[in-house]
Amino acid sequence: MNRTTVSLIAGVTALAAVTGFAALDGPGNSGGTTAQAATRLPVERSSLLCPAPSTSDLAETAYTSFTPVSKGTGSSGKAQLVAASQGSADDAGDEDEKDSGKGGKSDKGDKGDEKGGSGAAKPVLASKEPGTPVTTDDSGAESPALIGTAEGRFAPGWTVQQTTEVAAGTGRGLLGTNCTAPDTEFWFPGAGTADDRTDYVHLTNPDDSAAVVDIELYGKDGALKSTVGEGIQVKPHASEALLLSTLTDKPQTDLTVHVSVRSGRVAAAVQALDDKLGGDWLAASADPADRLVLPGIPKDATSVRLVAFAPGDSDADLEVRLALPSGDITPAGHETLHVKSRMTTAIDLGDVTRGEPGSLVLTPGESTVPVVAALRIVRGKGDKQETAFIPATRPVGTRASVTDNRAKGTTLSLVAPSGTAKVRVSASAGTEGGKAATRTYVIKGGTTQSVEVPVPSGLKGTYALTVESLSGGPVYASRTLAVPDGGVPAFTVQTLPDDRGTVAVPEAEQDLSVLQK
């Protein structure tokens, strides 16, 4: 094989490891004889973006970064986050590098200058070693959105958790979110613009050029007319928060928000705040599909509300199942759900789990129509109620992680909707000390199990949990973090989708043989 062929194969491999995709056909190849086999390699670069956590002066926010240990990653790399207005994490570089000038400055960005000095875009948080989480905190209403990049051995499976405690006011309670990767489309069923709601959609742009975004709102009667949500520009390395009620003059109890990007990429999240029921971050639903799993309804949930949306031209008829520890059942009075095309549908399920942990499983009825969905969960009673959301999610797949777990108040829910499965759950060392621990679990098909998670011995600080599929059918997972405050059962729920830490790289030698001639 000549040097051109070797170099091209190396380029394809590098492209796949960075972008998650690689395919190369020789002249005249229709695609039917592309690689017969593929090798899975660790990704070499990951991007995550965290929205500005709160506008409350009482907000206390913790950021926790974690990368699980992966084979075949080499010994170099870094993972760090910087303030959005300060430029990308790449611009930050090492501590002795100067500011590249990208992204400009804002009032919130001044925090980066104060911490870094000399105008340098210093990392807000930088990882030290795969397998051990690191954390930092901030307070008040001026905490900025963050842009993060991980490279080399820190890239595969990198996750960042943002957790905010707000003591009083609209949205008081515990607000948590996994910082998300940039993309070009997001669906958020479960938002609202009713009088007691103050919902924002946060858009963060990690790139060197402006992104152009459209926001569409769908209520119970269909699309809400608005020109305000069209052609929204998000500046390079910057973040925008838009109040949903300013995009429409019609208050809606249940909304589906569709974020689509005309040019560039953004990360998107909805901050849903309620005057009486607290608030939390609403993460994007999994991509539209005819089968959805919403894992981890807490056993003490006092109210569960399902919000669903069919983005296509056809109505969807869904069968509703509830996976409990003893098996799956049909919720009484809610055996099926009809979702009209492009109309948001919501049903109250009440205290559907009746004192048991559970997960909702939606499957197609007479038709197979893709939908998106989310659950709004309420815990507590009277003036001591708190809200969180569970969006439909992808399965754990090969591996998934969640960080900022505490010695008390951490619950891991695992559901195997279609067959018995075996998983391994690993607890990392703590941010300030402790020894990692591991346990293996068998989840029976059709059940949800709230497992007793392994806790690092001698734990100091917080720790990360990593779930790995070992055998059997697909497993879906979520983590509930509860931090009661003054009688309010403050909590937040994060799902654990596959971390996509590896990518399949085709064996390209056969396809490139024409280049040897």
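Two strands count as paired if DSSP finds at least two bridges between them. Helices (H or I, at least four residues) and strands (E, at least two) are DSSP runs numbered from the N terminus. The structure is a predicted model, in which local features need pLDDT of at least 70 and side-chain atom pairs count only at pLDDT 80 or more, while totals for chains, interfaces and linings use all residues. Residues are numbered from 1 along each chain as its sequence is written, and side-chain values use heavy atoms, with hydrogens and water left out.

**View 1. Open sheet with the strand order β28-β35-β30-β32.** Four strands form this sheet, and their pairing is antiparallel. Its edges are β28 (399-405) and β32 (437-443), each of which pairs on one side only. On average, neighbouring strands are turned by 20 degrees against each other, direction ignored; axes are lines fitted to C-alpha atoms (for helices over the stretch in contact), and angles run from 0 to 180 degrees between N-to-C directions. Strand β30 (residues 421-427) pairs with β32 over seven bridges in the antiparallel sense. Within β30 and β32, Val423 stands opposite Tyr441.

**View 2. Open sheet with the strand order β33-β29-β36-β37.** This sheet also consists of four strands with antiparallel pairing. Strands β33 (447-451) and β37 (491-495) are the edges, each pairing on one side only. From one strand to the next, the twist averages 20 degrees. Strands β29 (residues 410-416) and β36 (residues 476-482) run antiparallel and are joined by six bridges. Thr411 has Thr480 in β36 as its bridge partner.

**View 3. The disulfide of Cys50 and Cys179.** One disulfide (a pair of cysteine sulfur atoms within 2.5 Å) is found in a search of the whole structure. Cys50 and Cys179 form this link, with an S to S distance of 2.0 Å. The link is right-handed, with 110 degrees about the S-S bond.

**View 4. Strand β4 and its partners β7 and β5.** Strand β4 (residues 77-83) is largely enclosed by the rest of the structure, because five of its seven residues are buried. Seven bridges connect β4 with strand β7 (residues 146-152) in an antiparallel arrangement. Strand β5 (residues 125-126) also runs antiparallel to β4, with two bridges. Leu81 has Gly148 as its bridge partner in β7 and stands opposite Leu125 in β5.

**View 5. The largest nonpolar core and another core apart from it.** A nonpolar core is a set of buried Ala, Val, Leu, Ile, Met, Phe, Trp, Tyr and Cys residues joined through side-chain atoms within 4.5 Å. The largest core has 31 residues, of which Leu306, Leu360, Leu362 and Leu375 touch the most other members. Strand β21 (residues 316-324) supplies the largest share of this core, five residues. Apart from this core lies another, of 26 residues, including Val213, Leu224, Val234 and Phe389. In soluble globular proteins, nonpolar side chains tend to be buried together.

**View 6. Surroundings of Leu362.** Contact means heavy atoms within 4.5 Å. Leaving aside residues up to four places away in sequence, Leu362 touches Asp290, Arg291, Leu292, Leu294, Leu306, Leu318, Glu319, Val320 and Ala373.

Key
Buried means under 20% relative accessible area, exposed over 50%, partly exposed in between (1.4 Å probe, protein chains only).
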